[in-house]
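Hi everyone, thanks for making time. Let me put the structure up, and then I'll talk you through a strand pairing and an interface.

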Amino acid sequence: MDSNNVSLIFKALLAIFLGSFGVIGVFYALNILVEKAFPERARIKVLPWIYVGPALLLLTVYLIIPTLRTVYLSLFGPSSNEFVGLKNYIFVLTAPDTLTTFRNNLLWLVLVTGISVFLGLIIAVLIDRVKYEQVAKSLIFLPMAISFVGASVIWRFIYAYRPADAEQIGVLNAIATGLGFEPIGWLVNPAINNFALIAIMIWLQTGFCMVLLSSAVKGVPADVLEAARVDGASEVQIFWRIIIPMIMPTILVVSTTVIVLVLKVFDIVFVMTGGNLGTDVIASRMIREMFNFRNYGRGSAIAVILLIAVIPVMVANIRRFRQQELNR
Amino acid sequence: MSSVVFEKVSKQYENGYVAVKDLNIELEDKEFLVLVGPSGCGKTTSLRMLAGLEDISSGSIYIDGQRVNNVTPKDRDIAMVFQSYALYPHMTVADNMGFSLDLKGVGKQEIRQRVEAAAKQLGIEQLLERKPKQLSGGQRQRVALGRAIVRSPAVFLMDEPLSNLDAKLRVQARAELSELHKKVGTTFVYVTHDQAEAMTMGTRIAVMNGGILQQIDTPQTVYEQPNNMFVAGFLGSPSMNFFSAQLIQSEGALVIQTDGGITVPIPAERLNRYSEFSGRSVVLGIRPEGIYHPQCVPPGIQPASIPATAKVVELMGHEVIVHFELADGTKFIGRLDPRVKVTPNEQINLQFDLTRFHLFDQESEQVI
Ligand SMILES: Nc1ncnc2c1ncn2[C@@H]1O[C@H](COP(=O)(O)OP(=O)(O)OP(=O)(O)O)[C@@H](O)[C@H]1O
Ligand SMILES: [Mg+2]
């Protein structure tokens with residue numbers, strides 16, 4: 001190990017140390033300050049702001065200001081010096097290229113959310129009756145621990161394509177040729193490449209859905225299920241009419257979380273196809289507009305549209321969360 | 001018509017524990033059977049086997065003459081009230097009550113009618129649109145009952161449905177349940193560990209202990225003629241006093257001589273019954289209400305004088321519970337008339353009623 005590396009590690013440790021203890025120190029100091037500087041009555045009013053303050057400050061600097069600036073930039077040309085009004089938006093919402101990204105995103109949204117939540121739910125219910133439940137659960141949950149980029153690298157091998165006469169190194173094409181079929185260009189065939197990418201995301205997200213839904217399913221009291229059984233419900237009816245409605249809050253939270261994740265998806269597309277061959281999604285398009293095509297205006301416009309798309313989901317989530325708090 | 005028969009039913013759980021052993025019960029239509037016994041004696045297990053929620057390890061259960069061992073709960077035509085009520089939290093009271101009818105494919109109109117009729121019967125019409133969360137414990141208990149009666153099942157099963165209610169509500173609900181049983185006229189199987197519920201509600205009660213049925217009969221018979229020491233001690237509060245004793249011939253008469261030195265003659269009408277047990281070790285059982293203060297001896301009993309010392313006196317208002325001690329230190333409890341004053345350490349010449357005592361074989365603990 002050379003000295004460069006050692007100093008890097010040292011710096012990292014220092015950062016972690018300063019980061020965690022620094023924050024504690026800041027809060028501690030502020031707390032003392034308030035206790036010294038304010039009379040008891042005022043303290044109660046001031047203290048919350050002291051604790052929320054730093055977070056609000058950071059949010060303002062790193063989230064709100066950039067957002068406002070993005071909105072501002074989206075009204076300007078490629079290098080941000082001429083005002084173009086809504087031209088970027090009109091372009092983004094009409095150009096066939098970007099329309100494809102919207103279509104793709106919609107496809108991602110519906111398929112990833114639908115399938116991973118549904119699969120997660122089915123597995124959650126079935127796994128309740130499996131002997132080695134913990135092991136099975138961990139296996140299904142494992143992909144969650146892999147970063148999107150890591151997963152993409154893995155799946156590049158699974159989807160790898162070689163001409164028909166060469167040796168296939170991809171699992172899927174090895175199977176295909178082994179069965180006597182022609183190798184398939186999973187990532188280049190426009191009819192299937194989007195689905196191939198979506199499958200990766202489903203693989204990554206199903207475990208997450210399953211774990212949350214599984215704990216919700218376990219939260220349904222056994223005697224309620226028995227009461228339904230005595231009342232004459234079949235297992236399928238119990239699933240649809242008792243379990244699903246009782247865990248609906250969790251299903252909605254899980255769904256919205258996946259929806260937000262999918263709206264932001266970019267890494268998988270970027271690594272697998274670079275957004276070519278009709279696989280671009282909003283987020284990867286945004287990156288490409290900004291950094292490949294150097295068009296800050298359009299990139300920002302896409303970002304704003306993405307933001308607007310996420311807002312209703314977030315609002316729904318927060319509303320539901322509040323309602324749950326009320327119902328407690 | 002809905003008879004219920006348990007025929008040599010046993011239940012062994014996966015961990016090897018035998019919770020119910022060789023249970024035999026025959027119930028006729030319209031009976032109200034109360035399964036009673038101490039905690040862990042297998043009452044719930046028996047009820048759940050009848051409901052179909054638990055497999056039967058061996059033996060058979062018949063409902064209406066049909067063997068139901070392999071029939072799923074939904075096809076047994078039973079309704080069950082759970083101790084926790086197990087209402088569906090996401091449904092209104094009306095939907096909770098109508099759920100089983102809906103599953104059967106009964107029309108909306110008819111469901112509504114039947115739910116309203118049942119709600120009226122239970123006095124919960126005004127709660128129909130509420131969710132279970134918005135109900136009190138007593139109201140939930142009624143909804144759970146309502147959910148059961150809406151279906152008019154062949155058999156009602158209830159597992160300690162009153163145990164979550166406060167004492168006053170419980171007494172009221174007890175009477176209402178008996179009333180309900182008369183009105184709907186179906187077979188009830190009711191589990192409780194509360195002997196007051198057992199005595200007041202059952203047309204017959206089955207006393208269980210350690211997974212084994214001890215006795216099944218009318219409440220009065222079980223109380224007055226217990227089969228064994230367990231049943232004798234389980235029913236009644238305070239419970240029956242037991243004195244270990246010998247059955248011996250003394251001066252030409254058959255007498256019970258307790259280890260504490262008391263001698264009680266066997267009344268003439270029981271001589272035949274006990275004479276063959278002469279010389280055996282026995283247990284004399286006498287209930288606290290069979291013990292009288294000498295100043296308050298009612299007519300028609302056969303008193304036997306037993307001198308004892310009052311140790312603790314508990315005034316209950318309608319009765320006085322007195323803890324006594326014999327000369328040798330044997331303790332027992334008497335339930336006396338509150339009109340006589342008893343003070344601690346007072347020596348009293350108690351009168352034991354010899355028309356109401358029990359003798360058990362010391363070894364087998366069975367009544368003789
Ligand atoms: N699933 C199970 N696996 C193993 N043993 C069990 C199981 N369920 C119950 N038991 C045991 O079987 C015995 C009878 O249980 P049961 O629930 O029938 O008792 P109970 O008479 O209803 O008691 P309680 O009055 O406390 O409700 C108990 O000793 C209990 O520990
Ligand atoms: Mg029980």
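**A sheet and an interface**

Let's begin in chain B, where S244(B) has V283(B), in β14(B), as its bridge partner. This is a predicted model, where local features need pLDDT of at least 70 and side-chain atom pairs pLDDT 80 or more, while totals for chains, interfaces and linings use all residues. Residues count from 1 along each chain as written, chains are lettered from A and ligands numbered from 1 in written order, and side-chain values use heavy atoms, without hydrogens or water.

Back to that pairing: β11 (residues 241-250) and β14 (residues 281-286) of chain B run antiparallel over 6 bridges. Strands here are DSSP runs of E, at least two residues, and helices are runs of H or I, at least four, numbered from the N terminus; two strands pair if DSSP finds at least two bridges between them. Both belong to an open sheet of 5 strands in chain B, ordered β13-β12-β11-β14-β20. At its edges sit β13 (263-265) and β20 (357-361) of chain B.

Now, how many residues of chain A are in contact with chain B? It's 17, against 22 residues of chain B, with contact meaning heavy atoms within 4.5 Å. There are 3 salt bridges between the two chains, each a Lys or Arg side-chain nitrogen within 4 Å of an Asp or Glu carboxyl oxygen. One of them joins R48(B) to E226(A), with the closest N and O atoms 2.7 Å apart. On the chain A side, α9 (222-230) and α10 (235-263) each supply at least two residues, and α9(A) gives the largest share, 7 residues.
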